[in-house]
Every structure is written in structure tokens, then in C-alpha cells.
Amino acid sequence: MSCKHYKNSPQKYYKIISFATFVGLLYACSTTKKVPEGEYLLAKNNFQFEDKKENFDEELKSYVQQKPNKKQLLFMPLSLLLYNAANPKYDTILNEYMTYPREMRDQKLRDSLFIKYNMKSSVGKSLFLDRLYHSWGTPPVILDQSRTGKSAESIEKRLTYKGFWDAEVKFKHDLDSATKKAAVTYFIKHNEPTYIKDYYYNIPDQNIKNVYKYSIGETHVKSGQILDQTVLEKEVTRLTDLMRKNGYYRFNSSNDEVYFIADSLKSTKQVPLTLEIHKDSIDSPYKVATIGNIDVAIVDKASDFPRNTIKDSLRRIRFHKMDDRYKISSLWRSIIVDSKQVYDQKKLDVTKRNLLATNNFSILKARDSLRQGGGTTPNDSIVDVLYLLKPLDKYELKVGTDINYSQILNLGVSPSIDLTTRNVFRGMENLSTSLSGTFGSIRSTQDINKRVLAYELSAQASLNFPRLLLPFNYYKLIPKKYTPTSSILLGASVQNNIGLGRVNFNTGLNFQASVNDQVYHKLTLFNTQLSLTKNKSAYYDYFVNDNAIREEIFGNYFAYRPDVKQDFETGQLTRDQVSQYITEDLEYQGGLDSKGADLYTAFIGTLVNKDRQTQDVLISSMIYNFVYNEVGKKDYPNAFYFNGKVELAGNLLSIFNQKRDEGGIVTSPQRTIFGVPYAQFVKFDIDTRKYFKFNRNTLVLRQFIGIGIPYGNSKDMPVVRSYFNGGSNDIRAWVAFGGLGPADSQVDERVRTYMTNNLKLTTNIELRVPFNDMYEGALFTDIGNTWSLKNYNDGYGDEFKFNKFLGQMGIGSGLGLRVNVAYITLRLDLAYKIYDPNKPSGEKWRFNNFNPFKPTLNIAFGYPF
């Protein structure tokens, strides 16, 4: 800030500085308001690592018994400030008041406490604000020096647990009597760790030993590693799951059958380690268990089984029902375990998942136990299984309203009504119907500096089946453990957003299967969408920028061809016919100077936009989607995510060879179905993400590749399947449809804004740095653009070329703030254009035009990826 600028507006800056000073003084004074004399508010814990840093050091902070009050508002301890705002003379009363159950907290209780603490003059006071401050706030954390020593011991024990047996932890108190604040510094020295010199195993049971040896390549424990107890715990968990999968029922259920012995007599730095697996002190043999009876009961309450049920069976599974609401064949499909099979704990878990996934039941009881007598007869290894299921309500109605924000829609409101009807055909089929709307505002196509009302209304019905709708037995191809399901969709929507409105109808048949917690497959056997454009004739009324360019080139052309002007003015030629003349007049095009050539290119862009924006299209496609997802899984701290999709459209419709339509000015005639052109294309989308965690920070790398290849009846991709740039989840320095791309096109931005294309590359890099549990910062860079695979568009220069595409990438960077409130993450990103490929040479790098006070603002909910 220059002095000159300050002098020009002293009043404004005086107010800002005064407010900042007031807040600072309020913060400094109020935090210690209720700290007793001679005591200290714990303001900060510091950690100094004197020799090195380890990847687990961040977790050591959690072993400190006393932590400062959490900071929320403007990085100040809001909850402490609220607590201190309550009148201190009522603290004792309020502390006791809050120990009573909520239903007892009334005026009578408060009055009794006033009398108890000799405050009769306060009888009758509600203390509303004081109670509010007290309940929302948290008391100051008073330094307890004895707990500091215990914290140091806890940190040292954790270091020993992680394999640093000689670690040292010291501490120091910094006490400030003037401010009544204290800071504690922990000095941590790891020293050299203890390593596993040799790794052995002692497993007397030969069968258990064979199972272990077969999977020894998957072991987490190896010679040469640091002797980390957390790794040993992970190996115990792996072995427990492995043995239970191989039929050893309740293996290590008491958590004393698998353990490790470290021999530290000769050395504490190189230690031999031995895995021990013993069933008991006499090493009685393990026995593989098999599944016995499988009982599935559908009841209203647990006491209804078995006396109020009727027994039935199907393929070795016994069903118990109170009525005929559910077909036993549909129930059978959810049961993965089978009688006389070897016990496998994972199959029991998948069965529970399948039953819950039907959205028809709650599970009152899921029990597996040794057959009666097993406790006294160790040789009895038959496991009986019981599931008690309670049907959910036949109908479930949900009414909600969402608040959303996007760069296209700005701030919007989305009311919705959802009705679920369960068990429609007695086979656990669920019918979901919904009515929803979205209302907000968009940037006007007539004036991009203004916003106008936008809306979308939709109705959709989905019939979901807990099986695949196939006319043959598919269980050998797709086992029940994959939880195969089907859904039939039917929907319609009316929207009015970017200029012209659309009416859409869609239907589809989907098959889904989850191989495990990470792998998911979805096949849409047919997905049919009919998109109809409203008010086609009003295109130039909505897109006035396109109309301005058209009128400008008309004037230029009429000066060149006065005869055409005369025919147009007398009504012999329409505007579209004049546009057609211009695109076909090679002599006129050849005589244009550079300015005229730019105008002509922009004019062609308006014609392409018009044809694509007003196009009616029928899309009938088959879609396959594969997802591999490690995000959110505790065993994958550096998670990987892959989402691949392939869509093939129009091949079935191509067998219908009806007459062609008339085409557009720059588009060729197309074959139609019932008068609507159908699209033919193949489309590939790949979205990959990798998450790297270090300390508490997370580095996220994302790469998106999208390719749409039109063929046959389509020269271009339909607008509803094309790619565009910008927005809060894409290249954030540009708003959605904000003028980036395609390629390094120099087409007038007013036209380029609404261009879409059929190839897209986007790379995102984001570093997330948490400040505390509530606030998280982010630094990010987004790179990408869209292209055509061929030069379809007569001079745009938007085709993809390997020797040029890197220089045609738009680059944006910025910083962001995430606010975590309950289960909602509010995201605020400020992005700046670093490299704009659509600017003239010499102006593409935007550093000379950088203005930190004019970022592209992105407000959204949730992470971008």
C-alpha cells in the first residue's frame, strides 16, 4: 500500500485499523478473564525434534494430556470467548446446573441453586444469555504442570512402541505472569531405532503353518525393518482375517493366540523376532469349521421368532416368515453363505451388506455360533447362522431443500420431494419417485455483465431390483457376493439456463456389481435421451453478442455484394440465406484483410454455436463404468482413485435409414428417427487421483482425460455430451463457460464463451494444509483446455496437435479455505489466471496484468476432488 493511497482515504483505513486493534485487545484481555490468580492459561504446546523427523511425529501431539482451547473464529478461541462472556459470579451455579438432565433444567432448579449458594437476590432470573454462553463455550485450559510430565512419559512410550527404544523426551514451561499465559515445549530426541535382525515363526499346528507359509509373501513383518509394534498389530489382524477366511472359526477371538517374542538379551538394536501361534497351553489342534443351519427370519420384533413364524426353505437355507410379503427366492439371492461350506467370516459380512443394501430391512440380530454342545465338545466345529430381519416401512417420504452454488447457477435453491415404495412386486424391488427443482440466476447471454432467472424442473422414477434382469442364470458368471443389482430409469426435465431452454426425456436400464469395497462395475445396457430445444427462432434474441457479429459482417458483405443487400431488403432472402451465401462465397472470403478474416472466423463461430445450441438430438447409448476407489479406506493412507467410462452411441439407431433433415448453415443433413437427428459417437472418460499424506498435510494430484469421437451420422459431438472448461471443480481461474479455449483460438470471447469441444485434458494439483479441526487451507494449480480431434470448424485452429497442445493449456493458480462444520465442508477458492492461451502472443502470461484484489471467486460445498 502506498502512502499516497493511504492519504487519499484516511477515514476508511482508520476504521479498519481501529476495528483490528479493538478485536486484538478484546482477544488479549478476554481469554484470561476467568483464569484464577497464580494460575496460567495454556496458550500453546510446542514440539521440537532435536535429531530428525519421522513420518509419525505429528501423531505424537495427540498424546499430550493438556491441549490449548481450540481456535475457530479468525483463528481465535471462540468457544473460550463465549464461556468468558458469561457473568463469572454464576459460574459455580451453571457448572452444577449443567450436570442435571435436560428435562430437569427449569426455573425451579435455578431458584433452588440460587438459594443453595446464598444468591437469593437472583431468584427468578432466567440467566438465558449466561446459560447460552456457558453451554456453547468451553472453560479455559489451566496449566497443570504434573500432567506435562505425564504427557512426556506418554510420548516416550509411544516412541518406544514405534521402535525407538532409546528415545528421550524432555519439557520446559514458559510462564508469563503479566498475561497469565503459559506455553509448554516438548524436546523430542528419537535416537537410533531398534531393528528386526532375524524373523522366525513357531507354529505347532501343521495346517495353520501351511496356511501361513502359503501367504508369507503378504506379511507386514520382515527382517531389517524397525521393530514397530503398530506393524506387528497389523500383522496379527492380517493373520486373524486369513485364518477365519480359511475356516478357523473365531480364530484368535480372545486375542492371545497370535503374539511376537523379541529377544533383546544380546542387543537392543538388532533383535531377533519370533511369531508364535498357539491355540492353548497344550497346543490342541485347530479344526476347520463348516456352516451348519442357516436361518433367516422376517419378523416385526425379535420375540416373534420362532413361535409366530412359518418355516420354509430353499437350497439349504431355512426361511421363517410371518406372512407372504417377500418371496423366498429374492431373499435367497442376498445370502452368500451356504450350508456345509467351509466357514468364511467375509461371506457373513457380505451377507449382512447385501441384506442392508436391499433397503428393505433393518437387522435385529445377526448371529453365528457353534452348534449347541460346542462349548463342552471341542471337536464340534459346526457353525449355525441366524439373521433376524425387520421390514422397513412400505412408504418413505422425504422433503428437502438444498442450497447450492455454482459458477453457472450462482446461488441456487433446490427443493425436492422423494417417495420410496418398497417391495413393489414382493421381490424386494423398490420404486423411487422424485420431483425436484433448481432455481437461481445465470449470466445473461444478452449482457454477460447481468444475471437473469434460471430454473430446472425434473421428475424421475427409478425401479431398483436386487438382482440382474437377465433371462438366464448368471451366478456362475457374476457371483452373489458381488451384490449384482439392476435399475430401470424414466425421467423428464424442463430447463432454462444458458440462453435457450430445453426439454429432456431419458430412460435407461442399469446393471451394477460391487466386487469388493474398492471395485465397482456399472453397465448401462441402454441409455436413451431425447433433448428438444425451445424457442429456436429466438436464438439471436437470447445471444445478442452473436447477433451483433452477424449484423457487422452483414454490413461488410452487403458493401461487397449490393445485389444481395437489395434482395435481402426486399424480402427475397432471409437472414439464414444471407449467412449461407457468406459461407459459400470464396471470392469474398479471399479478399478479406486480417481484421475481416477475424470477423469471419467469429461469424462462423456464431453459426456453429447456433446449430449446436438449437439442435434437437436423440442419444441412445451403451455405457460401461469401472471404479477403483481407495479413498476413505483406513488401509490406504496414500489413496488412489480411478474412474473409467466408455460410451458407445447410435449404432442400433443406424439400422433405421429414414430421410435426412435439411441440416444447418454449417452442418450437414443428418438421418433422423421420427424427425429428430440421432447422434453417433464413442466417448472415453478417465479420471485418476492420487493422494499423498505427510504429517497432517495432503497433496492431491488429479488427471482427467476425455475424448469424444463423432462418426457416422454425427460430425460433431452433441452439446449435452461435449466438454467445456472452468468452474469450481475444474480450472478455477475461469468460470464455467468463461471463455477459456478451445485450444488457443483467437475467436471473439463473446462467441468463444459458449463453445464446447470433444477432447479435454485437465490436470489439478492441490496441497491441503489443516490449521485446526475446523479450518483448512489449500494451494492449487489447475491446467487444461479443450480441443477438436480434427479441424471441423473452418479456421478456428482448435484441433489437437501433439507439437502444440502444451502451449495451448490454460493455467490458473490460487489459494483456498475450507471450513468444516458438522458433516459439511464449505469451500472458498480464490483463483488467478497465470497463462491464458487465448490472448495474443506476448500477452499470454498474465503476470503483468496480475491483480491480487480481482480473483475468480469459487464458492462450493465439498472438496473439488
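1. Asp338 counts as buried, at 16% relative accessibility. Buried here means under 20% relative accessible area, exposed means over 50%, and partly exposed lies in between (1.4 Å probe, protein chains only). The side chain of Asp338 meets that of Arg316 in a salt bridge of 2.7 Å, N to O. A salt bridge is a side-chain nitrogen of Lys or Arg within 4 Å of a carboxyl oxygen of Asp or Glu. Arg316 sits in the loop between β8 (310–314) and β9 (317–321), and Asp338 in the loop between α10 (328–332) and α11 (345–357), so the pair ties together parts 22 residues apart in sequence.

2. A note on the basis. The model is predicted, with local features needing pLDDT of at least 70 and side-chain atom pairs counting only at pLDDT 80 or more, while totals for chains, interfaces and linings use all residues. Residues are numbered from 1 along each chain as its sequence is written, and side-chain values use heavy atoms, leaving out hydrogens and water.

3. Overall make-up. The protein has 18 helices and 29 strands. Helices (H or I, at least four residues) and strands (E, at least two) are DSSP runs, numbered from the N terminus. Of the 865 residues, 45% are buried. Accessible areas come from the Shrake-Rupley method with a 1.4 Å probe; for residues, only the protein chains shown count as cover. Among contacts (heavy atoms within 4.5 Å) between residues at least 6 apart in sequence, 65% join residues at least 24 apart.

4. Salt bridges elsewhere. The count comes to 39 salt bridges. Asp782 and Arg732 form one of them, at 3.0 Å, N to O. This pair links distant parts of the chain: Asp782 is in strand β26 (residues 775–787), Arg732 is in the loop between β24 (697–710) and α18 (749–752), and they are 50 residues apart. Asp782 and Arg732 are buried.

5. The network around that pair. Glu766 bridges to Arg768, with the closest N and O atoms 2.7 Å apart. Glu766 is buried, and so is Arg768. Shared partners join Arg732, Glu766, Arg768, Asp782, Arg818, Arg827 and Asp829 into one salt-bridge network.

6. Aromatic pairs. The structure holds 24 of them. Rings of Phe, Tyr and Trp (its six-membered ring) pair if their centres lie within 6.5 Å; planes under 30 degrees apart count as stacked, over 60 as edge-to-face and the rest as tilted. Tyr201 and Tyr212 have ring centres 5.1 Å apart and planes at 65°, so they are edge-to-face. Tyr201 belongs to strand β4 and Tyr212 to helix α8 (residues 206–214), so the pair ties together parts 11 residues apart in sequence. Tyr201 is partly exposed, at 30% relative accessible area. Tyr212 is buried, at 0%.

7. A second ring pair. Phe626 and Phe642 are tilted, with 6.1 Å centre to centre and 55° between the planes. Phe626 lies in strand β19 (residues 617–629) and Phe642 in strand β20 (residues 640–649), so parts 16 residues apart in sequence are tied together. Phe626 is partly exposed at 24%, and Phe642 is partly exposed at 25%. Elsewhere, ring pairs link Trp787, Phe800, Phe802 and Phe805 into a cluster.

8. Gln66 is in the loop between β1 (41–49) and α3 (78–85). At 9% relative accessibility, Gln66 is buried. Its side chain reaches the backbone nitrogen of Asp144 at 2.8 Å. Not counting residues up to four places away in sequence, Gln66 touches residues including Leu42, Val141, Arg147 and Ser151. Asn191 is in the loop between β3 (181–189) and β4 (195–202). The side chains of Asn191 and Glu168 make a polar contact at 3.1 Å. A polar contact is a pair of N or O atoms within 3.5 Å; within protein, one must be able to donate a hydrogen and the other to accept it, and residues adjacent in sequence count only if both atoms are side-chain atoms.

9. A nonpolar surface patch. Tyr395, Leu397, Val399, Ile417, Leu419 and Leu435 make a patch of about 620 Å². Patches are made of residues with over 30% relative accessible area and no salt bridge; like charges are joined within 9 Å, nonpolar side chains (Val, Leu, Ile, Met, Phe, Trp, Tyr) within 5 Å. β12 (395–406) and β13 (410–421) each supply at least two residues. β12 gives the most, with three. Leu435 is in strand β14 (residues 430–443). Leu435 is exposed, at 53% relative accessible area.
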